[in-house]
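Hello,

Here is the structure I promised to pass on to you. Please have it open while you read, and my notes follow below.

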Amino acid sequence: MGAARRIVVKVGSSSLTTAAGGLDADRVDALVDVLAKVRGGGEREIVLVSSGAIAAGLAPLGLRRRPRDLARQQAAASVGQGLLVARYTASFARYGVRVGQVLLTSDDMSRRAHHRNASRTLDKLLAMGAFPIVNENDTVATDEIRFGDNDRLAALVAHLVHADLLVLLSDVDGVYDGDPSRAGTSRIAEVRGPADLAHVDIGSAGKAGVGTGGMVTKIEAAGIAAAAGVPVVLTSTVRAADGLSGADTGTYFHPTGKRSADRLLWLQHASTPQGALILDDGAVRAVVERRTSLLPAGIAGVEGDFSAGDPVELRDTTGRAVARGLVNFDAKEIPQLIGRSTRELARDLGPAYEREVVHRDDLVILHP
């Protein structure tokens, strides 16, 4: 961990704000002090995924608690995001470091062109010596506004920038085998796979009440990153320096998989299916077991209104989603393809129809 050169750090709202809403300048400065020291003269590169926009906008708008309705959440985010990045900008200026703001939504992570642009922007910011601060674009997000308090976003960003380490900062210094406020519980120092946490009862949201996430979303995010080959440290914000230096703190998640193509990770964890294709039993076996492309002959039905290039679910005849992929045809074209061979389609409709409905390179298995 101490040798990691490119690191993604995620910090939650409760670590930056007061319970009543509004930024805590001392907390922000304390975090920046740690990040600037670890970054040094640029020997190590850090991307910060920071929550806090909605929480920062509560007090200025006279809101006593995080609103439940989307419109007021977006309004709070609009006010708070400017305050959040301004606070970071002023704090990093003490070290002569420029800040670059990158606002993302799930849609940006699930569409190839946006995904590539986000990757290029982050790489260029790092190359130019700026400090990227990533947050969800809560002002325009809809369902994405409840993306898991940025934990899942942080895991995807870690993969996006090919990070050597992901550090998830919380108000708890790691994963415990019970309620950490009770006597007799102990910290789980290492997790080598999901089985290590099978016996653990994970709590829900934090105590501050200004964020949306909790230990559940952090463990899910750690699992996503670890499965993509990125090691993860989950610790408290006050122990951020230890977590970034490789000291014995928090919970360390060992990588459980290898780095995969970027589009497959976002396809599985960040994309929003725009519809579904129903597969017959033979097609399910071919796609799931033999990992082949989906051909028109194996389709039994279609649901939704989608366009070519959109993510869709592949379901068996019981309705269970077995895979997800990028479709090569519009929804309105699918009915004329159902159950027909590509050779037959090419003869009747033209050579453009002699192709897969979902190519195996644009497909991820959800349930083997």
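**The sheet and its strands**

Strands β2 and β4 run parallel and are joined by two bridges. Within this pairing, Leu48 sits opposite Ile133 of β4. Please keep in mind that this is a predicted model; I come back to its confidence at the end.

On pairing in general, the strands of a sheet are held to each other through backbone hydrogen bonds, in either a parallel or an antiparallel way. β4 also pairs with β3, again in the parallel sense, and here there are six bridges. Gly100 is the residue that stands opposite Pro132 in β4.

Both pairings belong to an open sheet of eight strands, whose order is β3-β4-β2-β1-β5-β9-β10-β8 and whose pairing is mixed. β3 and β8 (190-191) are the edge strands, each of them pairing on one side only. Elsewhere in the sheet, β1 (residues 6-11) and β5 are parallel partners over five bridges, with Val11 opposite Leu169 in β5.

How many residues of β4 (residues 131-136) are buried? Six of its six are, so to speak, under cover. Phe131, Ile133 and Asn135 point one way from the strand, while Pro132, Val134 and Glu136 point the other way, and all are buried.

In soluble globular proteins, nonpolar side chains tend to be buried together. In this model the largest nonpolar core has 44 residues, and Val8, Val134, Val157, Leu166 and Phe253 have the most contacts inside it. Several elements supply at least two residues each, among them β2 (45-50), β3 (99-104), α5 (112-127), β5 (165-170) and α7 (215-227). The one that gives the most is α6, with seven residues.

Leaving out residues up to four places away in sequence, Leu166 touches Val8, Ala154, Ala155, Ala158, Ala225, Val230, Pro231, Val232 and Val233. There is also a second, separate core of 25 residues, including Val32, Val38, Val167 and Val233.

**Aromatic pairs**

The count of aromatic pairs comes to two. One of them is Phe92 with Phe131, a tilted pair at 4.3 Å centre to centre with 35° between the planes. Phe92 and Phe131 are both buried.

Why does the pair of Phe329 and Tyr353 count as stacked? The ring centres are 5.7 Å apart and the planes meet at 20°, so the pair falls in the stacked class, for which the planes must be under 30 degrees apart. This pair, too, links distant parts of the chain: Phe329 is in the loop between β14 and α11 (342-349), and Tyr353 is in the loop between α11 and β15 (363-365), 24 residues apart. Both residues of the pair, Phe329 and Tyr353, are buried. Arg355 lies over the face of Phe329, at 4.3 Å from the ring centre.

**Gly325**

Gly325 is part of strand β14 (residues 321-326). Its relative accessibility is 0%, so Gly325 counts as buried. Which residues does Gly325 contact, leaving aside its neighbours within four places in sequence? They are Leu267, Asp310, Pro311, Val312, Val358, Asp362 and Leu363. The C-alpha atoms of Gly325 and Asp361 are 8.8 Å apart in space, although 36 residues separate the two in sequence.

**Overall numbers and confidence**

The protein has 11 helices and 15 strands. Of its 368 residues, 51% are buried. Among contacts with a separation of 6 or more, 73% are between residues 24 or more positions apart.

The mean pLDDT is 87, and 89% of the residues reach 70 or more. Over residues 204-212, pLDDT stays under 50, and the model has 24 contacts beyond four places in sequence for this stretch. Where pLDDT is low, the predicted coordinates should not be read in detail.

Best wishes

Notes:
Residues are numbered from 1 along each chain as its sequence is written. This is a predicted model: local features need pLDDT of at least 70, side-chain atom pairs count only at pLDDT 80 or more; totals for chains, interfaces and linings use all residues. Side-chain values use heavy atoms; hydrogens and water are left out. A nonpolar core is a set of buried Ala, Val, Leu, Ile, Met, Phe, Trp, Tyr and Cys residues joined through side-chain atoms within 4.5 Å. Buried means under 20% relative accessible area, exposed over 50%, partly exposed in between (1.4 Å probe, protein chains only). Helices (H or I, at least four residues) and strands (E, at least two) are DSSP runs, numbered from the N terminus. Contact means heavy atoms within 4.5 Å. Two strands pair if DSSP finds at least two bridges between them. Rings of Phe, Tyr and Trp (its six-membered ring) pair if their centres lie within 6.5 Å; planes under 30 degrees apart count as stacked, over 60 as edge-to-face and the rest as tilted. A charge sits over a ring if NZ of Lys or CZ of Arg is within 6 Å of the ring centre and within 35 degrees of the ring normal. pLDDT is the predictor's confidence in each residue, from 0 to 100.
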